[in-house]
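Visitor: I would like to go through this model at residue level. Please keep to what can be computed from the atoms.

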Amino acid sequence: MLWGATVLLLASMAPIGGAPAASAPPTAAATVASAPCPGSGIPTSYSGAVSVEGAPVSPSVADDLSLSLNYSLAVEVSNRTSGTVVSDVCQRVAESTTSGPNGSFSVTLSVPSGHCYGSECTGITGPFGPLAVAATSGPPDGYESLMTVNGTSLALAFVAELGGIALSPAGASETLSAGAPTHFTAIMTTADGQPSPLSPTLAWNLSGAGWSFVGSNTTTGVTVQSLAGAGLGQLSVAATAGVGTTRFSVGPALVTLESVATFFTSGDANRTDLDVGGSVAFVVGGTGAPAYTYTAEVAPGLGLAPLAWPCSSTPASGGIAAIACRGNITYASPGVADPTVELTNGYSAARGSLPPVTVAPLPALSISPEFPAGYVGTPLPVELRVSAGSGTPPYARACLLSTSGPLLCSTSPGPNWTFTPTYALAGTYPAVAWVIDGDGANRSTRFALTVVPRLSVDPIALSVAPNASAPTELSTHLVGGDLPLRYWWNATGASGSIATGLASDDGPLTTTWIPSAPGAVSLSLTVEDGLGTVAEVSTSVSVGPALAASLAAVEIPGAEPAVAGVPVPLVWLAEDTHGEPVPGFSAVGEVRLTGNGGAPVEGAWVNASGAGPLLETSSGSFALPTSAWNLGRLSLTVATTRVGTWEVRLIGPGLLGRSAGLGVDVVADLGHLHLFSPTVALGGARDNQTFWRVADRFGNAASGAVIDVEYSSAGTSTTQVVPVLGAGNGTTGAWVNYTAPGSAGGTLEVTDPAGTPLLGPIAIPASPEGPPPLNAPLLTLATAGPVGALGLGLTAWAHRRRRDHRGRDDGVGEDDLRGLVEGRDRVIHLVRDARALDLAGLEAAWDTKPPPPDLADWVASLVADGTLGARTGPDGVARFCLVTSADGPPLVLVDPDALDRAEAMRRALTEPSD
């Protein structure tokens with residue numbers, strides 16, 4: 001069978017229509033160098049046996065059994081002449097055999113030899129693993145195939161999927177605590193001891209009086225529980241399962257059950273009579289089921305909270321456990337305690353009584369005062385007291401013993417005794433006092449006696465000569481006294497004490513005093529110790545005037561920049577170390593204005609409130625006299641004609657050297673402009689385009705400014721808002737462009753935002769020729785737009801119309817003009833409603849979507865004829881608004897020749913000359 005399969009394999013790989021195989025052997029280069037199969041090489045001859053593990057199938061099923069063996073062959077095809085590998089594959093091959101008696105079998109794996117056919121040679125190597133052996137018809141129902149290879153020996157076993165059953169916990173018997181639920185689990189295994197894949201039917205059985213369990217034949221586990229007085233019990237389980245025609249039955253697995261209850265057997269105490277605060281050690285004994293954790297729950301009596309003591313258990317005869325528990329109880333109140341105990345493992349419990357305990361009260365001692373203290377060489381009274389209701393009178397004896405002192409005793413019946421020891425040296429003396437009551441109870445108390453020198457205070461010292469509003473340190477030295485010491489610093493004229501507190505140690509004592517005003521002041525310090533002794537010292541001082549410590553800028557430039565030539569208010573205030581004003585401060589110095597790199601500012605002036613204009617001593621520096629100060633306040637106004645960022649600073653040794661510089665940003669005065677250096681791009685009386693340099697009134701570049709160009713003719717005026725643009729080299733300029741819209745003459749005038757005339761009025765003469773007639777009563781229509789910021793909008797519009805109607809030779813038609821008029825009127829309406837709109841806003845507000853492509857040209861024509869003004873905002877976006885006029889909106893008649901003139905102007909300005 002193997003050889004036939006291999007031949008078929010090789011035949012399928014021969015080239016179609018190839019030449020017959022040559023007799024010459026393949027070259028060395030065509031020899032198979034390595035196998036492509038993933039497995040390793042295996043032997044070719046094997047012997048083995050088939051066995052059956054587990055009932056009920058008979059072992060005879062292994063006899064005369066058809067077996068299949070699978071392995072791999074490496075097949076390599078190469079060019080016969082060059083040895084080049086054409087293909088390299090791993091081919092799975094099957095071998096078959098039949099087992100004999102007792103399931104034994106043997107087999108030899110065949111490997112065909114290589115050959116050449118035509119121009120190709122085929123090489124075959126093998127066999128290669130893995131080797132798989134299986135029954136052709138498969139294992140019997142309910143059995144698994146298990147194959148093992150050991151060298152050249154093969155073993156194929158049919159393993160029953162249900163071969164055994166056991167209980168967990170395992171064992172022939174289990175001792176359980178009464179009432180304790182215990183879970184048992186049935187474990188099913190195959191014939192070789194592995195977990196069974198089957199789900200058999202289980203038969204559980206529990207016998208014996210006083211036993212119960214929870215579970216069913218569909219579950220793999222049950223919970224068993226015994227009741228009080230239960231005898232011996234037995235739990236068993238068997239399993240059955242069917243797979244096809246095979247029926248399995250295993251078991252039963254058995255366990256004997258015994259129930260053991262918990263019993264209290266003994267309770268002992270190391271003593272039963274004690275004083276309050278004493279402790280009793282108890283021992284509790286009992287028996288119970290082994291393998292459980294036991295605790296002793298104790299009710300101590302006398303109002304004490306319940307206690308829990310741990311217990312230990314040891315094996316005892318009869319399969320039970322001996323239980324021993326230990327613990328202590330401390331009684332904090334007198335009386336007779338009847339403690340009880342309950343032994344429990346959480347399921348079974350037993351109660352018992354512990355020996356009663358008598359707790360007697362003890363004498364309660366106290367010392368008065370609580371912390372006795374006295375002076376050196378003076379008797380120190382100490383009273384020893386027994387609290388009412390404690391102890392048993394009459395008292396036999398009371399004593400006091402202290403370090404370095406004699407033993408002092410009294411046989412007075414009490415309950416109070418006074419002792420008066422005397423000490424020659426200061427110090428702390430540990431002491432003990434005790435009493436013996438009428439029943440012999442001996443109680444004592446420990447404390448300390450403090451002996452100190454008498455209190456004394458040194459004179460008051462000042463760190464510096466005091467000045468108003470300036471801190472001054474007051475100091476002294478304390479000696480002796482019963483600590484802590486209470487103290488009060490006082491000064492005449494103050495609404496309260498300067499400082500109060502407690503001193504926990506003798507030694508230096510300091511405080512900080514800030515005089516409120518100059519003049520004579522009396523300072524005093526009062527000290528009182530714990531024994532009531534008072535000591536006081538005082539002194540008189542003269543307080544000088546307040547001193548300034550810094551100059552604070554209280555009025556500084558705002559966030560908005562200043563305008564060239566406009567004064568900026570600045571204010572400094574002299575303050576002391578607490579930030580309070582110093583009205584008497586004044587000093588000479590200098591006000592200095594500097595720019596980048598410390599360069600002085602030119603074209604600046606400074607005025608001071610009360611002193612007027614300050615004298616400029618050098619460029620950017622101004623003399624500051626004392627007259628510029630008013631109640632410690634310096635108020636200045638600073639102005640400069642130069643644009644930039646400047647710093648204003650106060651300079652001078654008398655100005656405390658702490659005044660921070662103030663930054664001032666100065667921008668051009670865009671409201672007051674002037675024109676200069678005109679450059680005529682297109683000159684003429686009626687058509688003119690001139691570029692003017694523009695600066696503010698101080699000569700600073702005026703970027704962002706605008707000029708108003710007003711054209712008046714025949715009672716009608718139009719105003720065009722022209723932006724000022726950068727002109728290179730830090731200069732700015734603007735186009736002043738005009739084209740007479742009709743044959744009538746007029747005037748042109750240029751003004752800045754303040755209304756100051758900058759140019760004109762310029763007379764524009766009337767045209768020597770009359771205007772061409774109109775063939776339709778059209779309304780407003782723009783002529784050529786001015787060269788400059790907005791370009792030639794109408795010119796572009798007219799050229800677009802000409803491109804769209806290039807088949808026509810009559811120029812712009814009436815329909816085009818009417819569409820222009822309607823579009824312009826719609827733009828004016830939208831801008832009037834919104835007050836100001838950019839191009840994107842016009843597109844969004846338009847009636848149709850998308851808006852007409854001529855929208856931008858209509859806007860440009862309205863700006864060109866002065867109907868709309870345009871300004872560029874800080875965001876770089878141009879916004880349009882209506883330009884108002886005393887004569888109403890401008891009326892510009894159609895001038896067809898204006899289109900050609902505008903185009904000529906655009907070319908002259910934008911295209912290079914030859």
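**Contacts, a sheet and disulfides**

Guide: Thr262 touches Thr287, Gly288, Tyr294, Ile323, Leu343, Asn345, Ser348, Ala349 and Ala350, leaving aside residues up to four places away in sequence; contact means heavy atoms within 4.5 Å. This is a predicted model, in which local features need pLDDT of at least 70 and side-chain atom pairs count only at pLDDT 80 or more, while totals for chains, interfaces and linings use all residues. Residues are numbered from 1 along each chain as its sequence is written, and side-chain values use heavy atoms, with hydrogens and water left out.

Visitor: Is Thr262 buried or exposed?

Guide: Thr262 sits in the loop between strand E16 (246-260) and strand E17 (263-269). Helices (H or I, at least four residues) and strands (E, at least two) are DSSP runs, numbered from the N terminus. Buried means under 20% relative accessible area, exposed over 50% and partly exposed in between, with a 1.4 Å probe and protein chains only. Because its relative accessible area is 5%, Thr262 is buried.

Visitor: How far apart in space are Gly288 and Asn345, C-alpha to C-alpha?

Guide: Gly288 lies in strand E19 (residues 279-288) and is buried at 0% relative accessibility. Gly288 and Asn345 are 57 residues apart in sequence, and their C-alpha to C-alpha distance is 8.6 Å.

Visitor: Which residue in E53 is the bridge partner of Arg592?

Guide: An open sheet of 6 strands with mixed pairing has the order E44-E54-E53-E46-E50-E49; two strands pair if DSSP finds at least two bridges between them. Its edge strands, each pairing on one side only, are E44 (562-563) and E49 (616-618). Strand E46 (residues 589-594) and strand E53 (residues 644-651) run antiparallel and are joined by 5 bridges. In E53, the partner of Arg592 is Arg649.

Visitor: What is the relative accessibility of Cys90?

Guide: The structure holds 4 disulfides, a disulfide being a pair of cysteine sulfur atoms within 2.5 Å. One of them joins Cys37 and Cys90, with sulfur atoms 2.2 Å apart. Cys37 is buried at 8%. Cys90 counts as partly exposed, since its relative accessibility is 33%.

Visitor: What is the torsion about the S-S bond of Cys399 and Cys409?

Guide: A disulfide joins Cys399 to Cys409, S to S 2.2 Å. This pair links distant parts of the chain, with Cys399 in strand E30 (residues 397-402) and Cys409 in strand E31 (residues 408-410), 10 residues apart. The disulfide is right-handed because the torsion is about 110°.
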